[in-house]
Amino acid sequence: MLGASLLALLTLTGCDTVERFRGPKTAFSGDSALAYTRMQLSFGPRVPGTAGHRQAGDWIVAQMRARADSVEVQRWTHVTQRGDTLPMRNILARFRPELTERVLYVTHWDTRPTADNDRNLGARARPILGANDGASGVGFFIALADALKKTPPSVGVDLLFVDGEDYGNFEDASDTTKNKDVLIGSQYFAKTMPMTYKPIFGVVWDMIGDKALNIYQEGHSVGAAPEVVSRVWGVAKELGYDRYFIADARSGITDDHLPFIRKGLRVIDVIDINYCSDGSTNCDGDTSRNLHHTQQDTIEHVSAKSLQIVGDVALKLVTR
């Protein structure tokens, strides 16, 4: 009996050292974020110019108007390099707009029109549903707005839903003449924002619902705003989430933080780019295991636990 009890104790202790998640650490609700993610998916693919895109955008505006202190909608038309005309919409929800000290949070709400990484060649021409790549960020932001409405932040917070992040071809990030048909909303916002808009820092939250959550420090972020990276990963460590926010820099990614960095803002990218079917941490570019930009980016690969972890960090950053 003593041996069995000791074995049980060792087993429990071993589990404790591996698994650090103990439930919510803040007023953020990962369960609510997952429910909102499911609702975003109910509109189908949110490709610019489609009915699903228009309906999802209207829904986001309505959700933010019920929660935020103010909501601004930025509309414009984007003409692609091949001549397509796309209706675009950025949505800016503001909390405590009277404060000059502000934090900018960014996520994209559109989905990719092609599944170009899918193993099934016949499926590549179809749009993706985007449970993690698109919907998880939206669900996360609406749940974050729930928490911010109940407990006002210590700084002004701007939640920016950008459009057209995932539409076209991702090209060389160092060449500013390229990437005209991706990062569309963030490029437009950065170009048109007032010169006086200077948030103390900003974070792009992208692909943060992956069940096997492993968020490494992104290369462009470390190079352009290392103090913001340190702040975010430091809060994650304080919350006991250093297993999920891994203090190890990886290569740079072309994402919505780049237009803001080029405008001189201290904005970083929090992204789990290794969206692996087997839960590993190194499948970027491996079409046999990578779910990114495939038809398999569906709700069963998104978890309330991962959303809770990221939500706790995001909320703690602005309510300290």
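Predicted model: local features only at pLDDT ≥ 70, side-chain atom pairs only at ≥ 80, totals over all residues.
In which strand does Arg-102 lie? Arg-102 belongs to strand β3, which covers residues 102-108; a strand here is a DSSP run of E with at least two residues, and a helix a run of H or I with at least four, each numbered from the N terminus.

Residues are numbered from 1 along each chain as its sequence is written, and side-chain values use heavy atoms, with hydrogens and water left out.

Let us begin with the whole chain. The protein chain holds 9 helices and 8 strands. Its radius of gyration, taken over C-alpha atoms, is 19 Å, close to the 20 Å from the globule rule (2.2 Å times the number of residues to the power 0.38) for 320 residues, so the chain is as compact as a globular protein of that length. Along its principal axes, the C-alpha trace spans about 75 × 50 × 35 Å. Of the 320 residues, 55% are buried, meaning under 20% relative accessible area with a 1.4 Å probe, protein chains only.

I return now to Arg-102. Is this residue buried or exposed? Arg-102 is buried, at a relative accessible area of 3%. Its side chain reaches the backbone oxygen of Phe-95 at 3.0 Å. Beyond its neighbours within four places in sequence, Arg-102 has contacts (heavy atoms within 4.5 Å) with residues including Arg-94, Phe-95, Asp-158 and Tyr-197.

Notes:
Buried < 20%, exposed > 50% of the residue type's maximum accessible area, 1.4 Å probe, protein only. Polar contact = N/O pair within 3.5 Å; in protein donor to acceptor, adjacent residues only side chain to side chain.
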